[in-house]
Amino acid sequence: MTIRMYSEVDFQSIEKIYNLSKLDELSREDTLFTLLPLSEDKERSKLLFESQIFVYELESIVAFCAIYESEIRALFVHPNHQGHGIGKDLLEHLLSLTSRSTSLYVAASNSSAKEMYKKSGFVITETFETTYNSVKVTVNKMVKNEGEQGA
């Protein structure tokens with residue numbers, strides 16, 4: 001297992017992971033969503049590529065994450081590799097990069113991701129509506145304050 005900085009040659013791999021995982025993130029919503037591929041999602045691409053991006057490799061790239069200052073902007077694991085601690089490893093890596101309070105945004109219905117974040121000391125501080133591909137989605141802002149320890 002290797003966590004390393006993203007390189008431009010990794011784009012095809014991270015787009016595949018994003019495209020396979022994004023709708024899964026929203027699968028517990030009452031509304032059906034249509035995938036907007038990462039390469040076509042100008043808003044999310046801008047936020048992602050102004051961030052520090054890291055990839056998680058086994059034999060190939062199976063996950064990626066991104067952080068901008070103290071905001072976690074992405075954490076995606078290929079569906080075939082979920083449930084094996086990869087997300088937790090990436091989260092710990094991102095948290096090691098900042099000593100400040102750290103925030104992230106997660107679909108309110110994404111209970112498995114929220115549970116992982118709660119175990120690492122994040123708490124929900126805000127709930128609001130935003131959109132994904134022009135469809136409303138409820139989102140939680142979660143924050144981990146500096147010095148708080150997870151389980």
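A residue counts as buried when its relative accessible area is under 20%, as exposed when that area is over 50%, and as partly exposed in between (1.4 Å probe, protein chains only). The structure described here is a predicted model, in which local features need pLDDT of at least 70, side-chain atom pairs count only at pLDDT 80 or more, and totals for chains, interfaces and linings use all residues. Side-chain values use heavy atoms, with hydrogens and water left out, and residues are numbered from 1 along each chain as its sequence is written.

Helices (H or I, at least four residues) and strands (E, at least two) are DSSP runs, numbered from the N terminus. Helix α4 spans residues 111–119, and its buried residues are A113, K114 and Y117. These residues lie on the same side of α4 because they cover an arc of only 100° around the axis, the arc being that of the directions from the helix axis to the C-beta atoms. An α-helix has 3.6 residues a turn, so residues three or four places apart point the same way. The cover over the buried residues of α4 includes β4 (71–77), α3 (86–95), β5 (102–107), β6 (123–132) and β7 (135–144); contact here means heavy atoms within 4.5 Å.

After α4 comes G121, which has a positive phi near 100°. Positive phi also occurs in E69, a residue other than glycine, and in S134, likewise a residue other than glycine.
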